[in-house]
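Q: Here is a structure. Please take me through the labels attached to it and show how each value meets its cut-off.

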Amino acid sequence: MRFLLSVIHDGTGTADAEEMRNIDAFNDRLREHGYRVIAEGVQGPETAFLFDNRNNADLVEKKPFIQSKEFLNGFWVIDVPNEEIAHELARDASKACNRKIELRPMYQ
């Protein structure tokens with residue numbers, strides 16, 4: 001079962017040294033168990049472009065699709081045997097990066 005773990009941040013700073021060590025250890029654990037598919041950090045919403053080419057509209061705006069105090073700061077895609085493991089990993093990810101984590105199943 002694949003899941004998306006979205007890292008939700010409410011600030012402008014990146015992870016500090018301790019958070020990075022914890023994130024690296026969490027990533028190592030995911031790799032060791034064969035759960036990690038991909039993990040990436042994402043730059044802040046001030047770097048976003050919004051494209052809308054439905055019906056050939058060709059609209060481009062320099063803004064995020066949602067303007068909010070909180071935003072997507074990174075993500076993991078994991079592949080685990082069951083939802084319980086996904087929940088455990090989401091808890092551990094939140095602790096490791098010191099941020100909220102949203103867990104969502106992916107379509108199979």
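A: Under the pairing rule, rings of Phe, Tyr and Trp (its six-membered ring) pair if their centres lie within 6.5 Å. By this rule the count comes to one aromatic pair. This is a predicted model, in which local features need pLDDT of at least 70 and side-chain atom pairs count only at pLDDT 80 or more, while totals for chains, interfaces and linings use all residues. Numbering starts from 1 along each chain as its sequence is written, and side-chain values use heavy atoms, with hydrogens and water left out.

Q: Why is the pair of Phe26 and Trp76 called edge-to-face?
A: Planes under 30 degrees apart count as stacked, over 60 as edge-to-face and the rest as tilted. The ring centres of Phe26 and Trp76 are 5.1 Å apart and the planes stand at 75°, so the label is edge-to-face.

Q: What makes this pair a tie between parts of the chain that are apart in sequence?
A: Phe26 belongs to helix H1 and Trp76 to strand E5, so the pair joins parts that are 50 residues apart in sequence. Helices (H or I, at least four residues) and strands (E, at least two) are DSSP runs, numbered from the N terminus.

Q: How do you know whether Phe26 and Trp76 are buried or exposed?
A: Buried means under 20% relative accessible area, exposed over 50%, partly exposed in between (1.4 Å probe, protein chains only). Phe26 has 5% and is therefore buried. Trp76 has 3%, so Trp76 is buried too.

Q: Which residues touch the most other members of the largest nonpolar core, and what makes it a core?
A: A nonpolar core is a set of buried Ala, Val, Leu, Ile, Met, Phe, Trp, Tyr and Cys residues joined through side-chain atoms within 4.5 Å. The largest one has 19 residues, of which Leu5, Trp76, Ile78, Val80, Leu89 and Ile101 touch the most other members. Two or more residues each come from strand E1 (2-9), helix H1 (17-32), strand E5 (71-79) and helix H2 (83-97). H2 gives the largest share, seven residues.

Q: What does Ile78 touch?
A: Contact means heavy atoms within 4.5 Å. Leaving out residues up to four places away in sequence, Ile78 touches Met1, Arg2, Phe3, Leu5, Leu30, Tyr35, Val37, Ala86 and Leu89.

Q: Why is H1 called roughly antiparallel to H2?
A: H1 and H2 pack at an angle of about 155°, with axes 7 Å apart. Axes are lines fitted to C-alpha atoms, for helices over the stretch in contact, and angles run from 0 to 180 degrees between N-to-C directions. Angles under 35 degrees count as roughly parallel, over 145 as roughly antiparallel, 65 to 115 as roughly perpendicular and the rest as oblique. H1 is therefore roughly antiparallel to H2.

Q: Which residues make the contact of H1 with H2?
A: From H1 come Glu19, Asn22, Ile23, Phe26, Arg29 and Leu30, and they meet Glu88, Leu89, Asp92, Ala93, Ala96 and Cys97 of H2. These residues divide into seven nonpolar, one polar and four charged. The classes are nonpolar for Ala, Val, Leu, Ile, Met, Phe, Trp, Tyr, Cys and Pro, charged for Asp, Glu, Lys and Arg, and polar for the others, Gly among them.

Q: Why is Glu19 called buried?
A: Glu19 has a relative accessible area of 11%, so Glu19 falls on the buried side of the cut-off. Glu19 lies in helix H1. Not counting residues up to four places away, Glu19 touches Thr14, Ala96, Cys97, Asn98 and Arg99.

Q: What makes Asp79 and Arg31 partly exposed?
A: Asp79, in strand E5, has 32% relative accessibility and so counts as partly exposed. Arg31, in helix H1, is at 45% and so gets that label as well. Asp79 touches Met1, Arg2, Gly34, Tyr35 and Val37, residues up to four places away not counted.

Q: Why are Asn56 and Asp58 called exposed?
A: Asn56 has 69% relative accessibility, so it counts as exposed. Asp58 has 59% and is therefore exposed. The loop between strand E3 (50-52) and strand E4 (59-61) holds Asn56, and Asp58 is found in the loop between E3 and E4. Phi is near 55° for Asn56, a positive value in a residue other than glycine. For Asp58, also a residue other than glycine, phi is positive, near 50°.

Q: What is the pattern along the sequence?
A: The protein has two helices and six strands, in the pattern β-α-β-β-β-β-α-β. Of its 108 residues, 29% count as buried.
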